[in-house]
Amino acid sequence: MTKGHARQGTATIQGISRRDFMKFCTVMAVSMGLPEAMAPRIAAAVTAPKRPPVIWLSAQECTGCVETLLRATHPTLEHLLLDLISLEYSETLCVGAGHQAEEFRARSIAANAGNFILVVDGAIPVKDGGIYCKIAGRPVVDILLETAPQAAAVIAIGSCASWGGVPSAAPNPTGATPVHKILAGSGCVVINIPGCPPNPYNFLSTILYYLTFKRLPDLDDKLRPKFAYGRLIHENCERRPHFDAGRFAEEFGDPGHRQGYCLYKLGCKGPETYNNCPSILYGDVGSGSWPVGTGHPCFGCSEEGVGFTVPLHTPARPLHVTPPAMFPAAIPEEGAGATALAAGVAGLALGAGVVALGLSLGKQAEEEED
Ligand code: SF4
Ligand code: SF4
Ligand code: F3S
């Protein structure tokens with residue numbers, strides 16, 4: 001669909017300044033838990049002339065997962081995404097339509113069998129023969145079952161594809177099913193990138209990892225890349241000092257809420273949700289650009305059995321007692337305002353890199369104990 005012209009050593013790389021490009025590669029390296037020195041290797045992989053073909057199937061979805069990818073900046077993500085991979089087919093982004101698009105998809109699958117990455121957004125309905133989501137008159141479940149075995153790997157992007165998400169909410173009238181369950185026993189390699197929508201950099205980092213090392217990143221027991229989903233949100237949250245000190249917002253707009261106190265009593269699911277939201281933030285607009293940063297509790301959008309399952313304001317069930325990743329111990333109550341300020345400044349100072357450097361003890365410590 002697109003042709004990449006990226007070359008190293010030029011002043012710009014596909015319209016992105018070389019400085020911004022290397023900065024991007026460095027952030028990607030650190031967000032994958034790799035040393036910054038890996039940035040040149042990532043840059044080399046990104047600018048290699050041969051890009052992996054990608055077939056993108058959309059099932060029961062809202063297009064939010066595609067939108068989130070297209071709206072990132074610094075550098076513009078679609079620029080990198082479309083030059084990084086060879087996007088062969090996407091119902092949302094295809095120029096062609098109808099029979100033309102379907103024929104191109106079939107030709108591309110045949111030509112790239114065993115080598116392409118299959119990306120799927122949306123859940124797969126299976127009730128009544130899968131009639132609740134059809135592409136070109138065929139149930140998407142059939143298309144997935146015939147396409148996935150020919151792919152090198154399958155990436156289920158978003159909570160709908162990863163574990164059912166919104167379409168699977170009770171009573172799940174269409175039998176919405178996650179991609180990995182549809183493909184269970186097929187031998188297909190499936191990676192989940194949950195979130196509603198997921199952070200685009202978690203998807204891009206996974207692609208970059210694959211490009212750079214020619215293998216997939218380490219996955220957890222829910223098939224999520226550990227570099228992105230290895231820590232509880234609670235471990236890296238800038239409001240954590242308030243949690244530790246017992247200072248909570250009791251209701252929206254009360255003095256505690258206005259001072260940036262912990263949102264646990266408003267139903268924050270950070271203590272039972274694995275994701276890197278507080279570390280890499282959203283939308284490239286700076287500090288505070290993630291749900292808790294804006295004053296709203298995390299509702300566990302990326303965690304199966306939490307988001308769209310547990311009521312929004314029901315208190316979280318903390319999974320384990322984990323120490324904060326890097327914030328200082330809370331100071332006494334008389335300094336509450338100062339603590340709020342300190343937490344805010346700490347959040348401001350944190351970039352994707354620092355948090356991902358592995359300073360957190362939480363899950364890792366628990367794993368070591370096991
Ligand atoms: Fe939309 Fe969320 Fe599902 Fe993505 S995960 S398709 S954003 S409902
Ligand atoms: Fe942050 Fe939520 Fe944990 Fe409070 S409960 S520290 S707001 S993640
Ligand atoms: Fe979702 Fe919670 Fe992050 S609602 S975006 S997992 S803070």
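Modeller: Helices (H or I, at least four residues) and strands (E, at least two) are DSSP runs, numbered from the N terminus. This is a predicted model, where local features need pLDDT of at least 70, side-chain atom pairs count only at pLDDT 80 or more, and totals for chains, interfaces and linings use all residues. Residues are numbered from 1 along each chain as its sequence is written, while chains are lettered from A and ligands numbered from 1 in the order in which they are written.

Biologist: Which helices supply residues of the shell around ligand 2?

Modeller: Helix H11 (233-236) and helix H12 (240-245) do, with at least two residues each. Among the 14 residues around ligand 2, the nearest are Cys237, Cys262, Tyr264, Cys268 and Gly270; "near" asks for a C-beta atom, placed from the backbone, within 6 Å.

Biologist: What makes residues of this shell nonpolar, polar or charged?

Modeller: Ala, Val, Leu, Ile, Met, Phe, Trp, Tyr, Cys and Pro count as nonpolar, Asp, Glu, Lys and Arg as charged, and the others, Gly among them, as polar. By that rule the shell has ten nonpolar, two polar and two charged residues.

Biologist: How do you know that strands S3 and S5 pair?

Modeller: Pairing requires that DSSP finds at least two bridges between two strands. Five bridges join S3 (residues 53-58) to S5 (residues 117-121), so they pair, running parallel. Ser58 stands opposite Asp121 in S5.

Biologist: Why do S4 and S11 stand at the edges?

Modeller: The open sheet has the order S4-S3-S5-S9-S11, with parallel pairing. Strand S4 (86-90) and strand S11 (190-193) each have a single partner strand, so one side of each lacks a neighbour in the sheet.
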